[in-house]
Amino acid sequence: MPLEGDIILDLSRMDRVLELDEDTMSVTVEPGMLLQDLQAYVEARGLFYPPDPGEKASSIGGNISTNAGGMRAVKYGVTRDYVRGLEVVLADGTVMQVGGKQVKDASGLSLKHLLIGLEGSSPSSQSACCALFPSPRPRSACLCRMPT
Ligand SMILES: Cc1cc2nc3c(=O)[nH]c(=O)nc-3n(C[C@H](O)[C@H](O)[C@H](O)COP(=O)(O)OP(=O)(O)OC[C@H]3O[C@@H](n4cnc5c(N)ncnc54)[C@H](O)[C@@H]3O)c2cc1C
């Protein structure tokens with residue numbers, strides 16, 4: 001809820017995929033992209049973005065800001081585990097890049113993890129690089145009861 005003097009940013013039109021990089025198994029998107037659209041985009045290419053909170057029409061920026069989980073978190077982890085890099089805008093307009101596309105990113109302070117899950121009390125993210133997996137093979141389960 002905005003209080004007096006607060007600024008509201010509507011990022012819903014920043015909803016594009018900026019880059020799909022299958023070499024690094026990552027996708028870079030704008031923060032207004034909806035989770036359901038990202039999932040559909042990668043699944044159409046045989047890839048898989050595991051974070052899956054119940055609200056599929058939530059935005060990737062919102063997922064990152066709330067570190068969203070969902071049922072798949074039991075097996076795969078939460079949004080934090082899939083954010084490789086962020087481009088954020090600080091309150092003074094400075095654009096800052098934290099992390100990147102690579103898996104190996106262990107030098108310096110891990111500011112990326114400080115920014116994930118800040119529930120809006122953070123700089124605004126303007127792009128996010130997320131890790132992908134190959135799509136899991138379809139599985140089915142069947143329960144058989146033996147006659148006694
Ligand atoms: C029906 C339903 C089911 C849900 N199920 C689950 C679940 O199973 N597991 C789970 O973990 N969560 C669940 N949630 C919570 C859900 O994950 C979050 O509400 C959602 O991720 C927030 O995304 P949003 O686009 O709605 O963000 P908003 O509500 O628009 O924003 C949420 C916060 O993020 C901030 N924010 C948004 N975008 C940015 C940005 N680009 N940069 C910086 N800050 C930003 C906002 O300022 C705000 O503080 C559920 C929610 C609903 C409504």
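**View 1. Surface and overall build of the protein.** The accessible surface of the protein comes to about 9600 Å², and 56% of that belongs to carbon and sulfur atoms (Shrake-Rupley method, 1.4 Å probe; for residues, only the protein chains shown count as cover). The model is predicted: local features need pLDDT of at least 70 and side-chain atom pairs count only at pLDDT 80 or more, while totals for chains, interfaces and linings use all residues. Residues are numbered from 1 along each chain as its sequence is written, and side-chain values use heavy atoms, with hydrogens and water left out. The protein has four helices and seven strands, in the order β-β-α-β-α-α-β-β-α-β-β from the N terminus on. Helices (H or I, at least four residues) and strands (E, at least two) are DSSP runs, numbered from the N terminus. Of the 148 residues, 33% count as buried (buried is under 20% relative accessible area, exposed over 50%, partly exposed in between; 1.4 Å probe, protein chains only).

**View 2. The shell around the ligand.** The ligand is surrounded by 21 residues, and the closest are Gly54, Ser59, Asn63, Gly69 and Ser125 (a residue is near if one of its heavy atoms lies within 4 Å). Helix 2 gives the most to this shell, with five residues. By class, the shell has 14 polar, five nonpolar and two charged residues. Here Ala, Val, Leu, Ile, Met, Phe, Trp, Tyr, Cys and Pro count as nonpolar, Asp, Glu, Lys and Arg as charged, and the others, Gly among them, as polar.

**View 3. N and O atoms facing the ligand.** A backbone N or O atom of Gly69 lies 2.7 Å from an oxygen atom of the ligand. An N or O atom in the side chain of Thr66 is 3.2 Å from a ligand oxygen atom. A polar backbone atom of Ser125 is 2.9 Å from a nitrogen atom of the ligand. Taken alone, the ligand exposes 980 Å², and the protein buries 54% of that.

**View 4. Aromatic pairs.** The structure holds four aromatic pairs (ring centres of Phe, Tyr and Trp, its six-membered ring, within 6.5 Å; planes under 30 degrees apart are stacked, over 60 edge-to-face, the rest tilted). Phe48 and Tyr76 are edge-to-face, 5.3 Å centre to centre with 75 degrees between the planes. Phe48 is in strand 3 and Tyr76 in helix 3, 28 residues apart. Phe48 is buried, at 6% relative accessible area, whereas Tyr76 is partly exposed, at 22%.

Notes: A polar contact is a pair of N or O atoms within 3.5 Å; within protein, one must be able to donate a hydrogen and the other to accept it, and residues adjacent in sequence count only if both atoms are side-chain atoms.
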